[in-house]
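Let's take a walk through this model together, from the overall fold down to a single residue. Please have the sequence and the 3D view ready.

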Amino acid sequence: MRRAEGKEMFNQEDFAKNKFILKTIEISALMPHRNALLSMQPMQPMHIAFNIDDNFFMQAGVAITSILENNKRKPFFFHIFCDGVSDANLAKMRRTAEKYGTQMRIYIMDMQPFQSFHIKTKHFSRVTYLRSVMPKILQPLTDKYLYMDADMICVGDISEIEKIDLQDYPFAAASETPEAVKYKTEFLHQKSGKHFNDGLMWIDINEWEKERITEKVFSYQGADPSRFSGQSQDIMNLVLDGEILFIDRKFNGGSDKGVLIYHFTGRNKPWQMVIGEGARLWRHYLDVSCWDSIKDPNPPKDPAHYFNHKLMMQHYKREGQYGEMLKSCFWYSWLKIRYKLGI
């Protein structure tokens, strides 16, 4: 298969020389009763990986909780790649593993090898580029694994993903929306006219390595940020240019119908506000998780969130909740004034 070529600045020897992993934290809490249940149908664990910073451990914890709640007879091995973790978040991950009797490994990564990658929006983090080296780290453990963004939840049988025949492609992923595909492919000058969302990838490590995808991703270090509209996803699409297995958007969806994996893209996050069934489900799994519940369905009363209050006002109007609509109207107006005045 053809791949977009760049000047390689990274190869397997470089990977061996670089430290990359500063520390690993093993969390194994397989319980006797769970082992007995699983021994009736012996199965290899499904490996699932995330890349996050400490601010997103709650979201990863909710995603993991949703998977475990909906797949209680299935073994998992969760891999969390990060640049650090607080004692509080580590303790909650341990409690999650103990609650469900599962395995986790947390990788504290050296971020220095990733410093030459661009950051398009300052509130984003370079941890997004950690997904580019995961196959090399996970190769001794498994042939295939699922990468997931932390702002996702699973609401059904995740074995559907394992059944996907990759057909010698390095991974499977879902397309972006038609509108996003048109904009992205034109902006990035993709010849294929195809553009995938890298928030969920079912990865064949051997095929990934054959195609030297990590090395080709690293060839974009130091590139002009103006070439990109996003971060890791743009580079992955330039490297592959449509030559992946495209799968149904139910595996990486934002609608409320027929979705297996909800992906909360965009600016309206369910930990900030609740609009729609997906957000309500996310709050449910937060309640079940080892992290604290968020009771208020409305956005934070902070100037930075003024526009979200306008969305809530529109939502309450559609629902016929006019009292709540008026409250949202007040907060939208007041917070917008504060935002514009910088107070």
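What radius of gyration would a compact globule with 343 residues have, and what does the protein chain have? The globule would come to near 20 Å and the protein chain has 21 Å, which agrees. Here the radius of gyration is taken over C-alpha atoms, and the globule rule is 2.2 Å times the number of residues to the power 0.38. Before going further, please keep in mind that this is a predicted model, in which local features need pLDDT of at least 70 and side-chain atom pairs count only at pLDDT 80 or more, while totals for chains, interfaces and linings use all residues. Residues are numbered from 1 along each chain as its sequence is written, and side-chain values use heavy atoms, with hydrogens and water left out.

Along its principal axes, the C-alpha trace spans about 60 × 55 × 35 Å. The chain holds 13 helices and ten strands; helices (H or I, at least four residues) and strands (E, at least two) are DSSP runs, numbered from the N terminus. Of the 343 residues, 55% are buried, where buried means under 20% relative accessible area, exposed over 50% and partly exposed in between (1.4 Å probe, protein chains only). Taking contacts (heavy atoms within 4.5 Å) between residues at least 6 apart in sequence, 78% join residues at least 24 apart.

Now for the sheet. Eight strands form an open sheet of mixed pairing, in the order E1-E4-E3-E2-E5-E8-E7-E9. At its edges are E1 (21-28) and E9 (245-247), each of which pairs on one side only. The twist averages 20° from one strand to the next, with axes being lines fitted to C-alpha atoms (for helices over the stretch in contact) and angles running from 0 to 180 degrees between N-to-C directions. Two strands count as paired if DSSP finds at least two bridges between them.

Two bridges join E5 to E2 (residues 46-52) in parallel, and Ile48 stands opposite Leu146 of E5. With E8 (residues 200-204), E5 pairs in the antiparallel sense over five bridges; there Met148 has Leu200 as its bridge partner. E5 is mostly covered, with four of its five residues buried.

Helix H4 (residues 87-100) lies across E1, E3 (76-82) and E4 (103-109), running at about 35° to E1. Its 14 residues reach 20 Å from first C-alpha to last, close to the 20 Å expected at 1.5 Å a residue; that expected span is 1.5 Å times one less than the number of residues. Which residues of H4 are buried? They are Asn89, Leu90, Lys92, Met93, Thr96, Ala97 and Tyr100. These cover an arc of only 160° around the axis, which puts them on the same side of H4; the arc is that of the directions from the helix axis to the C-beta atoms. After H4 comes Gly101, with a positive phi near 65°.

Leaving aside residues up to four places away in sequence, Gly61 touches Met93 and Trp291. Gly61 counts as buried because its relative accessibility is 0%.
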